[in-house]
Amino acid sequence: MTDQKHDVNRRNFIAAGSSLAAMAAMMQAFEAKAEESGDESTARRTDDSTPPMRMGLIGYGPHGREIARNLAQLPSAPLVAISDNYGPMLRRSKREHPKAKGYEKFQDLLTDKNVEGVIIATAPHEHKAIVLAALKAGKHVYCEAPLGHTLADARAIAKAAADNPKQNFQAGLQFRSEPQRHFMFPFMRSGALGRAVQARTQWHKKTSWRRVSPNGAREKAINWRLNKELSPGLAGEVGMHQADLVNYFLNVKPIAVSGFGSTIQWRDGRQVPDTVNLVYEYENGFSLAQELTLSNSFDGEYEVMHGTNSAVMLRGSQAWMYKEADAPLIGWEVYARKEAHYGKPGVVLAAGATTLGKSGKKLYQESTFTQTPLFYSLEAFAYNSHQVKTTVADLVEAFGEPDNETVLEFLKDQLGTTNSLLPAANSVEGYQANVIALKANEAVNTRRRVEITAADLTI
Amino acid sequence: MKKTLIVSFLLFTLPAMADTYKSKFGSSVKIDGDSSVHKWKVESKLIGGTIDVNAAALGKPGKLAAKATVFIPVRSLKSGKKRMDEVMHAAMNAAKHSKIEFTLSEITVKAAKGTLSQCDSKGTLKINGKIQPISMPITVSRAGEKLTVKGNITVKMSDFGINPPSPKLPSGNIVTKDEVKITFSWVTGQ
């Protein structure tokens, strides 16, 4: 919803003269940030006075435990219940989070009236049943991405979310909530790249994805990532987040994807490739290439977008812009900090990094957005769920029980257009990223070019 | 004398004579203020409540009995800036006093033309848990089963125990002026 607030029409922008508009957009973002941050720490965007949203966590595997650790740092999202259907994991959750009530069955957690929001951290093929039951139980839902391991599951989840507008639904596309990346959103949409040429993302890590358990059935269950029938592959588990970021920044959707994969390092009988290359095609000639591997860690992970005027690289919580020699002067970059990176000076685009503003005054301190994208994603879920809950409560009190259409319209008007929500991926965005990733995985598995139609991206 | 008293009683208090109108979509309320940095405003489209009034009596000048209880959830007031909303809601003590409430006790029709009536109204305004008597001119328009009440009033935040917010900026504190203007258009229907 907040997209609308920052969405600068690129065509109008170019027509109006790029340098002035880009400078205005960037300075506006800087100043807004300065005004909002004041002297307070910006490690969190909520504070101890933010009303809490009581959370239930379903799935206490490695990612569930990471979620629980992040929630422990968020006063606005107290963890009050945990469910895991594997006894040892449930017992572990009780040891590590004794204040949270334990449930073996997620259905029992959903009947707990103390739980307001549910975070689903199970395998993707288990999401659908849990999401549908959670929405039916009246809970706000955070579903890890990808939403589903099949198009049908993803569509059913997104549809259920749309049918329950009184409850906040967030897809776990964490980069959408991360302040550094969100800070760059108006800048990217203002057309500072010039005409988008191509993008490239990389994710290099040496890790097997294989997990062990003394229990054979359990081991099979927890290694769903290595099972071709259940796994969305590297394209869905990792590439989806980076591809979504590029599509989001540049406001584009691919029309086809080609790819191939190989198992090079981890020849343990797995059916899912450990190394994948993908190329997405777009209508306007733009393309996105992705390299994903579990076999080598050199150069880690990053995203880079190339345009006719400049290239922008994002690496973790840092970003740089590299201008072409013939690109028009934007203006503000003269005052911006520069770092030697990749053999040439890059203009630092990190939130909080620019120290000079109009009249040379210091705008604000170095950024303290030091938490992980997952932390900011969960923070957004708690905050936005509270916003939806209270807004719907006010609506019902004023006008009685409204129909879904009225709720949707009212929420859009009251929250979407008033900058009242923290940035987060909604069900449609989660669905579309999911579809694109599953099509990419299909391209890898079939070694064929797979088309992505508008109908595919429509719920 | 006795007859006059009975007529007066019926005119001013008999609920059977009044029609009840409830809040409908289409309402809006705006609070305009000023500060050392810039003018500001917050808006909401949520006005809840009911009004009991004899709609036919609005068509001719004179005093008439009317009863209305109106509320605006404080947290529904939005400026378009998240931080400013937080500052304003905190200043209005929204966690403890979640609503702005207006209770109408009397309407005097000053002039009526067609379905439009220019009136004076009396009642009380409750903000931050503090109640102040107020009177303000209002316009009431009738259209079928709909009744729309419009008006505005200027009040001081300090009269309601609110310290004008003074948020920090890197360049210094903002000074918010005490006076604010509340403008509303309340749509009701039977």
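Q: Axes are lines fitted to C-alpha atoms, for helices over the stretch in contact, and angles run from 0 to 180 degrees between N-to-C directions. At roughly what angle do helix α4 and helix α13 of chain A cross?

A: They cross at roughly 65 degrees, and the axes of α4 (residues 62-71) of chain A and α13(A) come within 10 Å. The two helices are therefore roughly perpendicular to each other (under 35 degrees is roughly parallel, over 145 roughly antiparallel, 65 to 115 roughly perpendicular and the rest oblique).

Q: Which residues make that contact?

A: From α4(A) come Glu66(A), Ile67(A), Asn70(A) and Leu71(A), and from α13(A) come Leu374(A), Phe375(A) and Leu378(A). Two residues are in contact if their C-beta atoms, placed from the backbone, lie within 7 Å.

Q: Before continuing, what kind of model is this, and how are the residues numbered?

A: This is a predicted model, in which local features need pLDDT of at least 70 and side-chain atom pairs count only at pLDDT 80 or more, while totals for chains, interfaces and linings use all residues. Residues are numbered from 1 along each chain as its sequence is written, with chains lettered from A and ligands numbered from 1 in the order in which they are written.

Q: Understood. How many helices and strands does chain A have?

A: Chain A has 15 helices and 16 strands. Helices (H or I, at least four residues) and strands (E, at least two) are DSSP runs, numbered from the N terminus. Of the contacts in chain A with a separation of 6 or more, 72% are between residues 24 or more positions apart.

Q: What is the order of the six strands in their open sheet?

A: The order is β3-β2-β1-β4-β5-β6 (chain A), and the pairing is parallel. At the edges are β3 (101-103) and β6 (169-172) of chain A, each of which pairs on one side only. From one strand to the next, the twist averages 20 degrees.

Q: Over how many bridges do β5 and β6 of chain A pair?

A: Strand β5 (residues 140-144) of chain A pairs with β6(A) over four bridges, in the parallel sense; two strands pair if DSSP finds at least two bridges between them. Cys143(A) has Ala171(A) in β6(A) as its bridge partner.

Q: Which helix packs on that sheet?

A: Helix α13 (residues 373-399) of chain A does, touching β4 (117-120), β5 and β6 of chain A. The direction of α13(A) makes about 170 degrees with that of β6(A).

Q: Turning to the sheet of ten strands, what is its order?

A: This open sheet runs β14-β15-β13-β12-β11-β7-β10-β9-β8-β16 (chain A), with mixed pairing. Its edge strands, each pairing on one side only, are β14 (338-341) and β16 (450-451) of chain A. Within the sheet, β11 (residues 301-307) of chain A and β12 (residues 310-315) of chain A run antiparallel and are joined by four bridges. Met305(A) stands opposite Val312(A) in β12(A). Helix α15(A) packs on the sheet and touches β8 (256-262), β9 (275-281) and β16 of chain A, its direction making about 50 degrees with that of β8(A).

Q: At roughly what angle do the axes of α12 and α15 of chain A cross?

A: The axes of α12 (residues 233-250) of chain A and α15 (residues 427-446) of chain A cross at roughly 135 degrees and come within 8 Å. That makes α12(A) oblique to α15(A). The contact includes Gly236(A), Gly239(A) and Ala243(A) of α12(A), and Ala433(A), Ala437(A) and Val444(A) of α15(A).

Q: And in chain B, what do β2 and β3 form?

A: They form a hairpin with six residues between them. Strands β2 (residues 28-33) and β3 (residues 40-44) of chain B run antiparallel, joined by five bridges. Asp32(B) stands opposite Lys41(B) in β3(B).
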